[in-house]
Amino acid sequence: MSLRPDGSDLRIIGYYLGKVAAGLSLMMALPAVLALVLGEWNAASALLAGAAVAFGVGQLTEWRLRTRASLTWAHGAVVVALAWLLGSVLGAVPLFLSGHFSDFLDAWFEAMSGLTTSGLSVIQDLDHLSYSMSFYRHLTHFVGGQGIVIVVLALLSAGGGSVGTLYVAEGRDERLVPSVVRTARFIFLIASVYLGVGTLALLGSIWTAGIGGWRGLGHAVNLFFAAFDTGGFAPSSQSIGYYHSVTVELVIMFLMVAGTMSFALHYALWNRRYGELGQNTEVRTLAISLVTLSAMALYGLAISGAYTETSGLFRKGFFTVLSAHSGTGFGVTSGRLFLTDWGVLAPSAVVIAMALGGMAGSTAGGIKAVRIGVTFTGLVQDIRRLLLPESALNVASYHSGRRRVLRSEVLRSATAVLLLYAGTYLAGGLVGLFYGEWDITATLFESVSAAANVGLSIGIVGPDMPRGLQLTYIAQMWLGRLEFVAVFAMVAYGVSLLSGRRLRPRSPRWGRT
Amino acid sequence: VDRPVSPRDRTAGWQASVVGVGTVVGIAAVVAAIGWVLALVMQLMAL
């Protein structure tokens, strides 16, 4: 029997949601300024209207629900789960007003895809989107990639001691330095350095591809957000294929590798602890899976006859596998070719790469290499236990920053999340089958892409896709980004709100403030 | 609790960012080289 939350619990949840809403108005205000400078009046009015709605909702909520009560773990999980829903709805307002979406559901899908760094898109006439709205669309990757709640609360120092609770609830459990706020700021330092380096590298490569001036700068900044935050939106409807440039593709590869690395690994490298590269269980797992799946995909492409030269296999096949494995979702070829020209083996390798994902504690989605590594280590331990005498001491360990003993609760948690991802992938694939238009290959491809926050599409996702399937993918992107825990906690909280037992006498912690 | 940063932390200053980004550039170059070699080998295997 769970305890029923009372008014003060709902008050504190609402108060923090208000803070997040008000903070998100800044995400719209920045591109609004750009729109005003560029004289893009329609985009400016859409972005200002969106910012006003978010700021108004936030201020009103904060004013009505102001409280000094501290945030518990349960509150934190509910705030985070609801903040991503609220943030995507508020973020959809400027997109809807831009006129590039047929209805609000399409705009909500796009906003959820942007914030969860998925990159699936249902936008219409992307090639004629204004610069400022394109910047806003890519900025959602950056804000969502760092964690919208943390962006608002840590950088604005608005959460006080509650930031740590929200930090863990948002799917980040690594602390690079003892303080959560300092950790968040170090993550922003890394992102800022890469913003400078990556944008310059992209600007140069895009310039050599024939796009210069302010337009080139706009493409470079937008592509940086999408590549480093493993998002997948692109300024052009042909994604990276638009540039026809091996230099652009190589720079994007560098940024995808940087984006899929955990911030803990970045921290180790900045501290010149190079040994981490060879010892870290997650790095080893990712290296093995990337090489294996690339070999699978490239062999499949070679025998299918889709690409017969090394350069074609590398630029189309290897780029796509790296894009899938890193959770980015950039395309260098039309998604429909996966079904028609790529045979069976290569698309299967791409689906597995998407499902596995990058490193935990990065912006990549999917199951994450550390869970695969830990589960495999646990499996080896079980086999060893069968072979060794009963009296033998059998201790398994893995390396993450330092050598750690593999405890049963770590193994259980990794296996549970792995199974939840697998179940979500299958469920989305099954929902797609009910529409009777696609086979399991196509629906599973799209479902994995949504739940693992990748963004590669085989052609199901688009402005004309079925509404039920669109809602399914929205839910999958949301679940995948929060790695289930916060959403499940929110559901359990809702159930206890309806059927939980009221605590009497009321504890002082639950009293109204 | 906001404890002090470890004295072993050497991430401050521009040198640390050069080292960090430079290492990742090296890793990305190795990844791309492996991809190219795999493409070459798989092309030959499929012949």
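1. In what follows, Ala, Val, Leu, Ile, Met, Phe, Trp, Tyr, Cys and Pro count as nonpolar, Asp, Glu, Lys and Arg as charged, and the others, Gly among them, as polar. This is a predicted model, in which local features need pLDDT of at least 70 and side-chain atom pairs count only at pLDDT 80 or more, while totals for chains, interfaces and linings use all residues. Residues are numbered from 1 along each chain as its sequence is written, and side-chain values use heavy atoms, with hydrogens and water left out.

2. The lining of the second largest pocket divides into 14 nonpolar, 17 polar and four charged residues. A pocket here is an open set of points on a 1 Å grid over the protein atoms alone, where a 1.4 Å probe fits, with protein on both sides within 12 Å along at least five of seven lines; lining residues have an atom within 4 Å of a point. The volume of the second largest pocket is about 810 Å³, counted as the space filled by probe spheres set on the points. Its lining has 35 residues, and those closest to the centre are Ser121(A), Ser237(A), Gly335(A), Ser457(A) and Val461(A).

3. Chain A and chain B bury about 3,000 Å² between them, 74% of it on carbon and sulfur atoms; this is the accessible area (1.4 Å probe) lost on putting the two together, summed over both. In contact (heavy atoms within 4.5 Å) are 38 residues of chain A and 31 residues of chain B.

4. Across this interface of chain A and chain B the rule finds two residue pairs in polar contact, both at pLDDT 80 or more. On the side of chain A that touches chain B, α13(A) gives the most, with eight residues. That side has 28 nonpolar, seven polar and three charged residues.

5. Over all chains there are nine salt bridges, each a side-chain nitrogen of Lys or Arg within 4 Å of a carboxyl oxygen of Asp or Glu. In chain A, Arg467(A) pairs with Asp106(A), their closest N and O atoms being 3.1 Å apart. Helices (H or I, at least four residues) and strands (E, at least two) are DSSP runs, numbered from the N terminus.

6. Arg403(A) lies in strand β2 (residues 402–405) of chain A. The side chains of Arg403(A) and Ser397(A) make a polar contact at 3.2 Å, the term meaning a pair of N or O atoms within 3.5 Å, where within protein one must be able to donate a hydrogen and the other to accept it, and residues adjacent in sequence count only if both atoms are side-chain atoms.

Methods:
Chains are lettered from A and ligands numbered from 1 in the order in which they are written.
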